[in-house]
Amino acid sequence: DPVILWFRRDLRLSDQHALVAAAGEGPVVPVYVLDDETAKHRKMGGASRWWLHHSLKSLDKSLREKGSRLILRRGKSEDELAKVAKDVGAGRVHCVRHYEPWWRNAERAIAKSLDLVCHDGNYLTPPGSVTTGSGDPYKIYTPFWRALKEVMPPADPLNRPREIAAPSKWPTSDDLDDWDLLPTKPNWATGFEPVWTPGEDGARNRIDNFLNRASDYEGRRDLPSEEGTSRLSPHLHFGEVSPSFVWHRTADAGGSVWTFLGELAWRDYAQNVILQFPEYPSKNARERFDDFEWRDFRSSAVRGEYRAWTKGRTGYPIVDAGMRQLWATGWMHNRVRMIAASFLIKHLLIDWREGEQWFWDTLVDADYASNGCNWQWVAGTGIDSNMFGRIMAPLKQSEKFDAAAYIREWVPELGHLPDGAIHDPEAAGCRPHDYPAKLIGHREARERALAANDKIR
Ligand code: FAD
């Protein structure tokens with residue numbers, strides 16, 4: 001009998017434990033289900049859908065080179081898998097285990113009617129497996145990272161199966177183009193295309209390209225004007241490359257590559273947090289923040305400021321550059337993500353969950369665990385966060401991390417300003433008329449935020 005290989009965020013053929021297991025058993029029916037019902041309000045955002053379209057296309061092409069193909073279905077995963085199983089006479093489904101709460105529920109439901117076999121492989125180590133001496137999961141990153149380093153498995157000999165046997169008859173499949181995953185009018189993704197190549201080959205190229213720079217990661221990763229980081233996040237999110245492969249391919253680079261591996265471990269850490277607190281991306285971990293007086297999001301003035309933030313028109317060049325890079329390319333530099341997120345939360349005093357939602361819709365790497373954990377981290381509401389009262393100064397950050405070239409690239413109306421004026425054109429007395437004044441001054445914003453924080457202490 002054929003077996004089903006159920007793809008989700010594991011869109012690769014290399015180091016794919018579910019594929020290796022399925023291919024070892026007989027004919028394989030690879031299936032991807034576009035399932036907005038199971039995820040409900042957590043269904044994929046717009047930028048992720050753009051990525052998904054191209055990634056599925058690439059996966060289908062790779063499968064066809066091995067005599068197989070990708071069957072596309074739309075609907076509730078549970079129902080669609082049952083239908084495919086019936087069509088082809090399969091009883092078993094192999095998949096890579098997922099940890100988002102809706103996927104865990106779906107896995108439980110599917111296992112009631114089909115023989116569902118879940119495999120690891122989307123994290124460095126299986127979430128939940130790195131524990132303290134007394135067997136408890138870690139809540140804080142640093143000890144988690146120390147422990148993970150100790151148990152990190154050696155390089156995995158798994159690779160692509162040479163052949164994937166086809167079933168005697170293929171079930172019907174949707175046409176990818178009918179899913180409307182790509183934007184039409186307006187096509188906001190024109191800036192994505194020159195930057196990204198979704199799929200396994202694109203991921204490999206990113207890694208090879210990063211190898212030359214990996215040893216110098218520490219010195220350059222915080223400089224948004226340079227390409228100091230790997231830009232692997234969407235490839236990792238969609239599982240186009242296994243994190244274990246990234247680890248073993250880069251670990252010998254020397255220099256400060258361990259700082260990079262530590263970031264890779266943040267991804268694992270975030271998933272461990274979700275395992276302990278499934279609602280983390282929408283609930284303050286420090287509960288006293290439930291009483292925090294965020295500005296009223298129903299007020300049109302507050303919404304106007306939020307819109308200015310989303311559009312990159314806050315009057316803070318570093319924030320605006322980041323928000324425009326996000327809109328244009330579906331990605332933002334990590335240092336700038338921290339600055340832009342902190343600005344929304346502490347300068348505009350808008351609930352971090354509004355920002356989390358915007359990122360969810362606009363990032364090509366939007367990830368339930370990583371996005372939720374990082375927003376709570378910046379907000380100071382998380383289990384492992386700084387205090388709320390530590391407020392980032394965006395203009396100082398911009399100077400310190402040498403963001404002038406980055407601002408020139410993304411905020412062209414400031415392109416003519418010299419380095420000395422570009423971080424804060426208003427203070428330098430040379431704000432161009434087509435660039436907005438600051439929504440609020442830094443000192444005023446800081447005092448307002450600290451006062452709000454004092455009320456809940
Ligand atoms: P590199 O510096 O090359 O790091 C390598 C890999 O490590 C990344 O690809 C990523 O998978 C992982 N990583 C690095 N930093 C982090 C981190 N802080 N937390 C978790 N994983 C990390 N990352 C996402 O993948 N998805 C998100 O939705 C997301 N939302 C974020 C929201 C905010 C407010 C902030 C401050 C950060 C967020 N990050 C998110 C983390 C980080 O900004 C990105 O992972 C990173 O910028 C991706 O670029 P890179 O691949 O070049 O990273």
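**A guided tour**

Biologist: Which residues does Trp-103 touch, not counting residues up to four places away in sequence?

Modeller: Residues are numbered from 1 along each chain as its sequence is written. This is a predicted model, where local features need pLDDT of at least 70, side-chain atom pairs count only at pLDDT 80 or more, and totals for chains, interfaces and linings use all residues. Two residues are in contact if their C-beta atoms, placed from the backbone, lie within 7 Å. By that rule, and leaving out residues up to four places away in sequence, Trp-103 touches Arg-8 and His-98.

Biologist: Is Trp-103 buried or exposed?

Modeller: Trp-103 belongs to helix α5 (residues 101-113); helices (H or I, at least four residues) and strands (E, at least two) are DSSP runs, numbered from the N terminus. A residue is buried if 20 or more other C-beta atoms lie within 10 Å of its own, exposed if 12 or fewer, and partly exposed in between, with C-beta atoms placed from the backbone. Because 20 other C-beta atoms lie within 10 Å of Trp-103, this residue is buried.

Biologist: What does the chain average in pLDDT?

Modeller: pLDDT is the predictor's confidence in each residue, from 0 to 100. Here 100% of the residues score at least 70. The chain average is a pLDDT of 97.

Biologist: How far apart do the C-alpha centres of domain 1 and domain 3 lie?

Modeller: The domain assignment, whose bounds come from an automatic or database source, gives domain 1 (1-121), domain 2 (123-155 + 198-276) and domain 3 (282-455). Domain 1 and domain 3 do meet: 7 residues of domain 1 are in contact with 8 residues of domain 3. Their C-alpha centres are separated by 37 Å.

Biologist: Which residues are closest to the ligand?

Modeller: A residue is near a molecule if its C-beta atom, placed from the backbone, lies within 6 Å of it. Around the ligand there are 27 residues, with at least three drawn from each of domain 2 and domain 3. Helices α9 (233-237), α11, α14 (334-347) and α16 (368-379) each give this shell at least two residues. The closest residues are Thr-229, Ser-230, Asn-334, Asn-371 and Asn-374.

Biologist: Why do the UniProt "binding site" residues not all gather at one spot?

Modeller: The unreviewed UniProt entry places this feature at Tyr-217, Thr-229, Ser-230, Arg-231, Leu-232, Ser-233, Phe-260, Asp-365, Ala-366 and Asp-367. They span 151 residues in sequence, and they do not all gather at one spot because the farthest two C-alpha atoms are apart by 23.0 Å. Such annotations use the numbering given here, have shortened feature names and may be inferred rather than shown by experiment. The value to remember for that farthest pair is 23.0 Å.

Biologist: Is Leu-232 buried or exposed?

Modeller: Leu-232 sits in the loop between α8 and α9, and Arg-231 is in the loop between α8 (217-220) and α9. Arg-231 counts as partly exposed because it has 16 C-beta neighbours inside 10 Å. Leu-232 has 22 C-beta neighbours inside 10 Å, so this residue counts as buried.

Biologist: Which helices do the buried residues of α10 pack against?

Modeller: In helix α10 (residues 243-250), the buried residues are Pro-243, Ser-244, Phe-245, Val-246 and Thr-250. Leaving aside neighbours within four places in sequence, Leu-232 is in contact with Val-246, among others. The helices that the buried residues of α10 pack against are α7 (200-211), α9 and α11.

Biologist: What is the phi of Asp-15?

Modeller: Most residues other than glycine have a negative phi, and most peptide bonds are trans. Asp-15 lies in the loop between β1 (3-7) and α1 (17-23) and counts as buried, since it has 21 C-beta neighbours inside 10 Å. Asp-15 has a positive phi although not a glycine, near 50°.

Biologist: What is the omega of the peptide bond from Lys-185 to Pro-186?

Modeller: Pro-186 is found in the loop between α6 (141-151) and α7. The bond from Lys-185 to Pro-186 is cis, with omega near -5°.
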